[in-house]
Amino acid sequence: MDSTHYSAPKDLLAGKIIGVTGASDGIGAVAAKTFASCGATVILMGRTVPKLEAIYDAIEAAGGPQPAIYPVCLEGASEKDYEDMHNHLEEAFGQLDGLLHNAGELGQRTPIANYKLSTWQKVMQVNVTAEFMMTKALLPLLEKSDNASLIFTTSSVGRAGKPYWGAYAISKFATEGMSQVLAHELEGVSNIRVNCINPGATRTRMRAAAYPAEDPSSVKTPEEIMPTYLYLMGKESRGITGQSLDAQ
Ligand code: NDP
C-alpha cells in the first residue's frame, strides 16, 4: 500500500480521540484540522495558546467535532506535568485512540565542533525526552482504545547522518529508535501500533529556517502530505507497526 496516495473516507476517524503535539503551526496544525475533518475529537497540544485557539476556531468553523486545547511547553514540562496530563485527559476523555508526536525543535545548522551545549540540550529535551515522558504517561490511555495509533515524526537526517544537522539529526535517530523499541514491546500484547512518519521537504516555518535560500513554493504544503498521516491514524493501518513511512 502506497500511503502517499491513500484516500480517506470522510468518517475515517469518527468518534476517535487524538492528541497532536505542535498543533499550533506547520504540519501539526494541518494534521489537527485534517483529523478533525475526518471526525476526530482533536486535543491540540502546544505552548502558544493564541495560535492553538486559532486552530480550535478553524476546526469549529469547518464544522468539526469540538476540539480541546492542552497547553504544554515541551522544553520545560516535568514528569509530574505529564502525570497531570494523563489525569486530566483520562477525566475528560477516558481514553486516547491516537497520538501524533509532531512538535520539534530545529536547533543550529552547524558542525558538531561548534554546536552549543544549551542548544543540544533544548533539542534533545523537546525532540526526545519530552516524547519519552509523554508517551510513558499516556500509554495507559492508548491501551484503553481497541485500535490505537502512536505516530512519531522523523526526518531523512534521522536515518542517515548528514553534516551540520547536529542535535536535530541525532534526536531523529533517537526517535526512530524509540518508535522501534516501543513497537516491539507493544506488539501482540496491546492494540497500539507504533510508527514513524518522515514528512519530507514541507513548506513550514522550520523548513524555511533550515533552507533560507529555498523558494517555499518549490516544496509541498502540509496539506499535500496528509494522506500518510490519515493512513497511519486510521483503521486501515491496523497491524502495521515498527515502520517508518515517507509522506512523499
Ligand atoms: P514548525 O516549526 O512549523 O512547527 C513546529 C511545531 O512544534 C510548532 O507547533 C511549535 O510550537 C512546536 N514546538 C516547538 N518547540 C516546542 C516546545 N518547546 N514546546 C511545545 N511545542 C513546541 O515545524 P514543522 O511543522 O515543519 O515540523 C513538524 C515536525 O515535522 C517536526 O518534528 C519536524 O522535525 C518534522 N519535519 C519537518 C520537515 C519539513 O520539511 N517541514 C521535514 C522533516 C521532518 P510554536 O508554534 O509554539 O512555536
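How many residues surround the ligand, and which are the closest? The answer is that 30 residues surround the ligand, and the closest are Ser24, Thr48, Lys51, Tyr168 and Thr204. Here a residue is near a molecule if one of its heavy atoms lies within 4 Å of it.

The model is predicted, so local features need pLDDT of at least 70 and side-chain atom pairs count only at pLDDT 80 or more, while totals for chains, interfaces and linings use all residues. Residues are numbered from 1 along each chain as its sequence is written, and side-chain values use heavy atoms, with hydrogens and water left out.

Let us begin with the polar contacts, that is, pairs of N or O atoms within 3.5 Å. In the side chain of serine 24, an N or O atom is 2.6 Å from an oxygen atom of the ligand. Arginine 47 places a polar side-chain atom 2.8 Å from a ligand oxygen atom. Isoleucine 27 takes part through its backbone, where an N or O atom lies 2.8 Å from an oxygen atom of the ligand. Taken alone, the ligand exposes 910 Å², and the protein buries 96% of that; these areas come from the Shrake-Rupley method with a 1.4 Å probe.

Which helices supply the shell around the ligand? Helix H1 (26-37), helix H5 (166-186) and helix H6 (205-210) each give at least two residues, and H6 gives the most, with three. Helices are DSSP runs of H or I with at least four residues, and strands are runs of E with at least two, numbered from the N terminus. By class, the shell has 10 nonpolar, 12 polar and eight charged residues. In this scheme Ala, Val, Leu, Ile, Met, Phe, Trp, Tyr, Cys and Pro count as nonpolar, Asp, Glu, Lys and Arg as charged, and the others, Gly among them, as polar.

I turn now to empty space. Rolling a probe the size of a water molecule over the atoms shows where empty space is left. On a 1 Å grid over the protein atoms alone, a cavity is a set of points where a 1.4 Å probe fits but cannot get out, and a pocket is an open set with protein on both sides within 12 Å along at least five of seven lines; lining residues have an atom within 4 Å of a point.

Where does the ligand sit? The ligand sits in the largest pocket, meaning that more than half of its atoms lie within 2 Å of the pocket's grid points. This pocket has a volume of about 960 Å³, a volume being the space filled by probe spheres set on grid points joined across faces, edges and corners. Its lining has 44 residues, with Asn102, Gly104, Tyr168, Thr204 and Met206 nearest its centre. H6 supplies the largest share of that lining, five residues.

The structure also holds two cavities of 30 Å³ or more. The largest has about 50 Å³ of space, and its lining includes Leu12, Asp97 and Arg193.

Methods
Polar contact = N/O pair within 3.5 Å; in protein donor to acceptor, adjacent residues only side chain to side chain.
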